[in-house]
Amino acid sequence: MRIAVTAQGKTLDSPVDQRFGRAAGFLLVDTETMAFDVLENASGAGGAGIHAAKTVIDAGATAVLTGNCGPNAEQTLRAGGVKLFTGVSGTVAEAVEQFKQGKFVQAQGPNVQPHAGMGL
């Protein structure tokens, strides 16, 4: 399974970025091998969440691990068949291991208001 994790850096030791739409980037991680690709996030002035969601959908992610996700991104991910897990912290590697152990509950909707990540 390939999952996208919001990341503040470009390695598995990078902290999970708490913002989805305005994340520094994403690591697309194979949960079996821990091999990963770096996905850049071009978070512009408007529509950052939707753009970020399309990026991970187009990359073939089946799930997203992040700290927070707003309504536009959540709707786009849901429409693309990507499962969302919020409230994630620690390093990317730690988050993937916790995901594999079933420690996260799938989000039933957004956990922040629109544009929440703009001030972070």
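Two strands are taken as paired if DSSP finds at least two bridges between them. Helices (H or I, at least four residues) and strands (E, at least two) are DSSP runs, numbered from the N terminus. The structure is a predicted model, in which local features need pLDDT of at least 70 and side-chain atom pairs count only at pLDDT 80 or more, whereas totals for chains, interfaces and linings use all residues. Residues are numbered from 1 along each chain as its sequence is written, and side-chain values use heavy atoms, with hydrogens and water left out.

Five strands form an open sheet in the order S3-S2-S1-S4-S5, with mixed pairing. S3 and S5 are the edge strands, each pairing on one side only. From one strand to the next the twist averages 25°; axes are lines fitted to C-alpha atoms, for helices over the stretch in contact, and angles run from 0 to 180 degrees between N-to-C directions. S1 and S2 run antiparallel and are joined by six bridges, with Ala7 standing opposite Gly25 in S2. S2 is also antiparallel to strand S3 (residues 36–40), through five bridges, and here Gly25 stands opposite Glu40. The hairpin of S2 and S3 has five residues between the strands, and Met34 takes a positive phi near 65° in it.

Burial is defined by relative accessible area: under 20% is buried, over 50% exposed, and in between partly exposed (1.4 Å probe, protein chains only). Five of the six residues of S2 are buried, so this strand is largely enclosed by the rest of the structure.

Helix H1 (residues 48–58) lies across S1, S2, S3 and S4 and runs at about 150° to S3. H3 touches S1, S2, S4 and S5, and its direction makes about 140° with that of S1. Within H3, Val92, Ala95, Val96 and Phe99 are buried. Seen down the helix axis, the buried residues of H3 fall within an arc of 100°, so they line one face of the helix; the arc is that of the directions from the helix axis to the C-beta atoms. The cover over these buried residues includes strand S1 (2–7), strand S2 (25–30), strand S4 (63–65) and S5, where contact means heavy atoms within 4.5 Å. Just after H3, Gly102 takes a positive phi of about 75°.

In helix H2 (residues 71–79), Thr76 counts as buried at 18% relative accessibility. Apart from neighbours within four places in sequence, Thr76 contacts Ile50, Ala53, Lys54 and Ile57.

The structure holds two aromatic pairs. Rings of Phe, Tyr and Trp (its six-membered ring) pair if their centres lie within 6.5 Å; planes under 30 degrees apart count as stacked, over 60 as edge-to-face and the rest as tilted. Phe20 and Phe26 form a tilted pair, at 5.5 Å centre to centre and 50° between the planes, and both residues are buried. The ring centres of Phe85 and Phe99 are 5.3 Å apart and the planes stand at 80°, so this pair is edge-to-face. Phe85 lies in strand S5 (residues 83–85) and Phe99 in helix H3 (residues 92–100), so the pair ties together parts that are 14 residues apart in sequence. Phe85 is buried at a relative accessible area of 7%, and Phe99 counts as buried at 17%.
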